[in-house]
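Visitor: I have a model open and want to learn how to read its features. Could you take me through them one by one?

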Amino acid sequence: MVDIEVLGRPAVRHGGDRTLLRGRQPALLAALVLAAPRPVSSDVLLDAVWGDEQPRDPANALQQRISALRRLLGSEGAPPVLVTVPGGYTLQVADERIDARRFSRLADEGRALLSAGDPAAAAERLTSALALWRGPAFEGIADEPRIRADAEALQARRLDAVEDRLEARLALGEGAELLAELTALITEEPLRERCSGQLMRALYRAGRQIDALAEYERIRTRLAAEFGVDPSPTLARVHLQVLRQAEDLEVTTLAAPRPRRSTTNLPAAAKPVLGREEVIERIGERLAGCTLLTLVGPGGAGKSTVALEVARRHPRPPHGSWLVELASVHDADELPGAVLRAIGTTSSATADPGDDNDADTGQLLAGLRDRQLLLLLDNCEHLVEAVAALVGNLRRQAPGCTVLATSREPLGIDGETVWPLSPLTVPAAEETSRDVVLASPAVQLLLTRLHQHDPGLDPDHLGTEQLAAAATIARRLDGLPLALELAAARGRVLSVEELSAAMDDRFAVLTSTRRDVPARQRTLRDTITWSWSLLDPPLQRAWAALSVPVTAFDRPLADQLLDAAGVPGPALDTLEGLVERSLLEADRTATASRYRMLESLRAYAQERLQDSPQQQAVHDRHAEVVSDALERCNDRGDPRRFGVDLAGLASWSEEAVAALHWAADRHQLLLVQRVAAGLGWHWLLSGSASAGLRWLQRGLGVASGAPPAPLDPDAVHPEAVLWVSALLATTGSPHGPAWARHSLTVALEPDHRVLARLYAAVHRAHDGEVTGALDDLDAVVATAEGVGGWLLGFAHLARAQIGRLSGRMTGVLDHATAALEVLEDAGADWARVQAIDVLIDAIDPETDPERARRAAIEGLALCRRRGLPELEGRMLLQLGAATHATGDRRLAASYLAEAVQLTEDAGSGPSLAFALLTSGRHARRRGDHQLAVAQLTRARSLFAGTRLAYGATLVAIELARTHVEQGEGHVAARYAAEAARLADEVGADVGAEMALELEASLRLTASTGTSGSAQDRPDGRVP
């Protein structure tokens, strides 16, 4: 069993073996001992050990010190003492094994025995306590900033124990025996009145009355000169007894020293403040240079917790640090009295007797006029005007008073330093790295509290799904510490995954039964309702109206929504009011400021909006603004150029989906069509075709995946029908041709008619009518030549793509080259990438791999510059294929794996199927048959049920080849027959040729009894 010693030089003892700690280990051990059994965060330990001189690799340096200390503390067969826990490290060791804790227990017991009249037992207990001391507490590191206060407190407790033991021995009749110890103690502590009285009694017992009186005169003179005070009544009584030569002086037990008035009422920290170490230090530095700092932030952000920790660490002024809790103060007139009660100020000054409030204010100002203290005014938001007035008076009349305030809005007076306290940092939505997620302060807080409620939940061994759920909770709760604490409390009855799923009903879930928190913080709803109650009706309406946007929004949208809600006055003033009250966050880093509302505040305000008469007007205005914005992004001013702002569409997509939900729920179907059609290019190019089809068909009154019903021209938005046809062309749906015919019927604009004919031809090709489709596309190209610009380039591109997909490569290179020439001038980069894709296939990466690589790299750069994830995956496939042809198979494999992952993330089934086909084909070529079968089988299932039979044909051929190479001819024959059947259905000439060749090869293999691989043909390259 290990013993930890800090009463002297820090050391570790195992039985009779004692090891002194050296270097930075004493500071590390001290930080852990002082907090034990509470955990200590890595940030706190780094600061305790290195201070401002942090190592180059802090995490690694700390881990090395932790490991070394763990070895020192551990012993064979014993449970670990230094344990890693959520949020840091903790010492799990009994108090009796730490000498400072054992000393405190023995000293307390000794004092209790002395008070109970048992001086003999008290002397024995106190002697055992003092025997634990080997030198000054934390010797060698006692002056370190994080240790100094605790070291001084232990030293003071030791002096108390020494005096208690002297008191016990005096009570046992000793006198002269104590003179040497008492004289030495007085030399070290000349102003300790209790010790002075003990020396006077011991001198008197030794027959030295004159010396006893001289000791009294010495301390009386010293107290008067240095502090202007007289000795305590207890010491004065001893002096009088010596003068009177009182007989009972022999048996008088002197009471404990006169209690000195406390210099603080700050509560001790119940638990470490997680995730706030850096901000606490920065606020402390700022507070040291000003006299008024207001910590502002939304309800539940942890303002009180952070402010208390700042106050605890702030150097204690001569007249103390005082907490004034204002949450329970409901009337401004009660404010001065609350401050007086908190700090216990008394003064003979009087104010105008006609007003109690004025009298309290006058007494407070008079009492603080010449004092230096720190005043922590907590929860000022409901009394902000009264607090501002009082603090203004203090700044003028009590310049030694430093004020630290917490509020949901600033006090708004001259000289105020405002520190916005943001919620804890959360991991990004796309972040999957385990280390990064666990490093998030919000996740650390959640997991630490979950571990406290459920010790079986070990953050170091969380499964992937559990960790993802924890990250989701942190994000959904915006990193608000209160909300995370409330969520963790539910960990007693819900798993992490269940908690994550319950976030949609957060106000029902996030409640607490704890009795040691204010009523307004027992549920998340109570906390936010407190903020709502502090607003006047216009600001309440504004908060509710601005909860409609689901992403950050700009001033023009805010202006529209505030107008729809009937909020009076300038919109800018309203925005400022909500930002000041921590209900909106303002991002002023961009050219145009944007505003964001925390999700919990949004959810609450939306509930309020549902109950208000402004709901319909605000949501309708939001949908109108969104629809207008989408139209601007789809600018068709110059028909020769592709004028669509793809980035703008992406930025409005989430707002558009919110507007779609609102319109669809109220059966405003034309509005649904208009908004969904406005996102058409976004649905197409972001790999979101399935989502777009659901909304478009819902707006058109057709079930998702169903054929079109007869359409009422007066109830149809022509572009909506066109986009259904276009998106279905990417999925291979059997209903595509019917929608294409409808789009031709309703298309009004020339460019829309060209697109309608183009997609009708694509659907015809998917149906196996390849020859007719190519003829149709030749006609589309001829028509588009009359329009020119991007539409002509797009027509050439479609003609080249269908030629390639059907295996009829004649003219493909010419059309792809023509498409590139036109599209580069027209600014349609997304179509240029697709043209590059076809061009690579046409030039054959197998015979000219370097040219194919250069083209793929060009296309990849375009994709990344324009933000086209699905096409980026396609270019990575081409780059992988070309790299494979150059002989660098390892690099090719990495490109192909990245392409599959990127395409899967984009969420497009057909594109993913082709990506798996390409990757599987090259896995077979490099001999990885297990991966090839897995990827090709998955591609086969994705192609099933679609009209993309040419892709399914190639998959079947690749599966047959793979099984041939594995010596499984009977399996290969089955796939070869499937390939022949599919090729015949789609009219894919080259596919049919490859399938027949493969079947012939299999028959030859069976007849000769040999095994071999079917040869790849250049014509069989994957599209």
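Guide: Start with Leu 546. Setting aside neighbours within four places in sequence, Leu 546 is in contact with Phe 553, Ala 558, Leu 561, Leu 562, Leu 575, Leu 578, Leu 584 and Met 597. Keep in mind that this is a predicted model.

Visitor: How many residues are in the largest nonpolar core, and which members touch the most others?

Guide: The general idea comes before the case. In soluble globular proteins, nonpolar side chains tend to be buried together. Here the largest nonpolar core has 196 residues. Trp 543, Leu 546, Trp 681, Trp 790 and Trp 830 touch the most other members.

Visitor: Now helix packing. At what angle do H1 and H2 pack, and how far apart are their axes?

Guide: Two packed helices are described by the angle between their axes and the distance between the axes. H1 covers residues 25-35 and H2 covers residues 42-50. They pack at about 135°, with axes 8 Å apart. That angle makes H1 oblique to H2. Their crossing is right-handed.

Visitor: Which residues of H1 and H2 make the contact?

Guide: H1 contributes Ala 27, Leu 28, Ala 31 and Leu 32. From H2 come Leu 45, Ala 48 and Val 49. By class, this contact has seven nonpolar residues, with no polar and no charged ones.

Visitor: Next pair. At roughly what angle do the axes of H38 and H39 cross?

Guide: Helix H38 spans residues 829-843, and helix H39 spans 849-866. Their axes come within 9 Å and cross at roughly 165°. An angle over 145 degrees counts as roughly antiparallel. H38 and H39 are therefore roughly antiparallel to each other. H38 passes H39 in a left-handed crossing.

Visitor: Which residues meet in the contact of H38 with H39?

Guide: On the H38 side are Asp 829, Arg 832, Val 833, Ile 836, Ile 840 and Ile 843. They meet Arg 851, Ala 852, Ala 855, Ala 856, Glu 858, Gly 859, Leu 862, Cys 863 and Arg 866 in H39. These residues divide into nine nonpolar, one polar and five charged.

Visitor: On to the backbone. Which residues does a cis peptide bond join?

Guide: Most residues other than glycine have a negative phi, and most peptide bonds are trans. In this model, a cis peptide bond joins Ala 36 and Pro 37, with omega about 5°. Pro 37 is in the loop between H1 and H2.

Visitor: Where is Phe 138 found? And is Phe 138 buried or exposed?

Guide: Phe 138 is in the loop between helix H5 (119-130) and helix H6 (145-171). Its phi is positive, about 55°, although Phe 138 is not a glycine. Phe 138 is buried, with a relative accessible area of 1%.

Visitor: What about His 667: buried or exposed?

Guide: His 667 is exposed, with a relative accessible area of 67%. Its phi is positive too, about 60°, and His 667 is not a glycine. Look for His 667 in the loop between helix H28 (646-665) and helix H29 (669-678).

Visitor: Last stop, Gly 566. Where is the place of Gly 566?

Guide: Gly 566 is in the loop between helix H24 (555-564) and helix H25 (571-580). Gly 566 is partly exposed, with a relative accessible area of 43%.

How values were computed:
Residues numbered from 1 in each chain as written. Predicted model: local features only at pLDDT ≥ 70, side-chain atom pairs only at ≥ 80, totals over all residues. Heavy atoms only, no water. Axes fitted to C-alpha atoms, helices over the stretch in contact; angles between N-to-C directions. Helix = DSSP H or I, 4+ residues; strand = E, 2+ residues; numbered from the N terminus. Parallel < 35°, antiparallel > 145°, perpendicular 65-115°, else oblique. Left-handed = near helix turned anticlockwise from the far one by under 90°. Contact = heavy atoms within 4.5 Å. Nonpolar A, V, L, I, M, F, W, Y, C, P; charged D, E, K, R; others polar. Core = buried A, V, L, I, M, F, W, Y, C linked by side-chain atoms within 4.5 Å. Buried < 20%, exposed > 50% of the residue type's maximum accessible area, 1.4 Å probe, protein only.
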